[in-house]
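The following note is intended for a colleague who is meeting this structure for the first time. Please keep the sequence and the structure in view while reading the numbered points.

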Amino acid sequence: MNLLEDKILQYAESHTTPESDLLQKINRETHSQILMPQMLSGHLQGRFLSFLSQLLRPDNVLEIGTYTGYATLCLAEGLAENGKITTIDINEELEDRVRGYIEEAGLEDKIDYIVGNAMNIIPGLASNLDLVFIDADKNNYPNYYNLVLEKLNKGGHIIADNVLWSGKVIDKSAKDEDTIAIREFNEMVQNDNRVENILLPIRDGLMVLRKK
């Protein structure tokens, strides 16, 4: 998933603020105990998410795709004083682990962790989102975008992970469902005059956009 050479990535991480002890623990345990650990945001991307959250100081954050909670805790670092995160994941097998990490961070009152289908849950959420992080099933990226944009405050931001999809987005021979959905999402954002956007080649690609 990393498009950078390992040595360049290691150099970048060595010149980036370190992870907290808890984030290091989540990183380590995810890689040693959980299937598909490459889904974890990791050090470099995690610090970027934290940095952006601290710049924006959001009151209301939505995360679609919790996994083991690494990115959730990174985003929580920048919450406004009374800010909250709603994070949704369909994998109930990870629930106890994630709730344990949230409790260890002392953020039970800041993070509303919901296990279920995001497509069914998002329509019922309040329409006052400041920041949305999309990192879930790729075939639904266009659907998630359409659902959350109308709930996003003016000047609010959306960050979508995996938008380079290991480089498959530019491989004309790649015609699997996920790749097609990511391409569709990228084109949808690029051609939407309601937003301004930048695609950053961080890790597997981050699309960052602001609602005008």
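**Note on the structure**

1. Met-36 counts as partly exposed because its relative accessibility is 49%; here buried means under 20% relative accessible area, exposed over 50%, and partly exposed in between (1.4 Å probe, protein chains only). Met-36 is found in the loop between H2 and helix H3 (42-56). Its phi is near 55°, a positive value in a residue other than glycine. Most residues other than glycine have a negative phi.

2. Some conventions apply throughout. This is a predicted model, in which local features need pLDDT of at least 70 and side-chain atom pairs count only at pLDDT 80 or more, whereas totals for chains, interfaces and linings use all residues. Residues are numbered from 1 along each chain as its sequence is written, and side-chain values use heavy atoms, with hydrogens and water left out.

3. Arg-57 also deserves attention for its backbone. Although Arg-57 is not a glycine, it has a positive phi of about 50°. Arg-57 lies in the loop between H3 and S1, and its relative accessible area of 42% makes it partly exposed.

4. The overall make-up of the chain is as follows. The secondary structure comes to 8 helices and 7 strands; helices (H or I, at least four residues) and strands (E, at least two) are DSSP runs, numbered from the N terminus. The C-alpha atoms fill a box of roughly 45 × 45 × 30 Å, taken along the principal axes. For 212 residues, a compact globule would have a radius of gyration near 17 Å, and the 16 Å of the protein chain agrees with this. That radius is taken over C-alpha atoms, and the globule rule is 2.2 Å times the number of residues to the power 0.38.

5. Of the 212 residues of the protein chain, 51% count as buried. The accessible surface comes to about 10,600 Å², of which 50% belongs to carbon and sulfur atoms; such areas come from the Shrake-Rupley method with a 1.4 Å probe, and for residues only the protein chains shown count as cover. Among contacts (heavy atoms within 4.5 Å) between residues at least 6 apart in sequence, 69% join residues at least 24 apart.

6. Why is strand S4 (residues 129-134) described as largely enclosed by the rest of the structure? The reason is that 6 of its 6 residues are buried. S4 pairs with strand S1 (residues 60-64) in the parallel sense over 4 bridges, where two strands pair if DSSP finds at least two bridges between them. In this pairing Ile-64 stands opposite Ile-134 in S4.

7. S4 also has a parallel partner in strand S5 (residues 152-161), to which 5 bridges join it. Leu-129 stands opposite Leu-152 in S5. S4, helix H7 (residues 141-149) and S5 make a right-handed β-α-β unit. A crossover is right-handed if, with the strands pointing away from the viewer, the path from the first strand over the helix to the second runs clockwise.

8. A search of the whole structure finds 9 salt bridges, each being a side-chain nitrogen of Lys or Arg within 4 Å of a carboxyl oxygen of Asp or Glu. One of them joins Asp-135 and Lys-138, with the closest N and O atoms 3.3 Å apart. Both Asp-135 and Lys-138 are buried.

9. Asp-161 and Arg-203 meet through their side chains in a salt bridge (3.3 Å, N to O). This pair links distant parts of the chain, 42 residues apart: Asp-161 belongs to strand S5, and Arg-203 to the loop between strand S6 (195-200) and strand S7 (206-211). Asp-161 is buried, with a relative accessible area of 0%, and Arg-203 is buried at 11%.

10. A last point concerns Ser-20, which is placed in the loop between helix H1 (6-14) and helix H2 (21-33). At 35% relative accessibility, Ser-20 counts as partly exposed. Ser-20 and Leu-147 are 127 residues apart in sequence and 33 Å apart in space, C-alpha to C-alpha.
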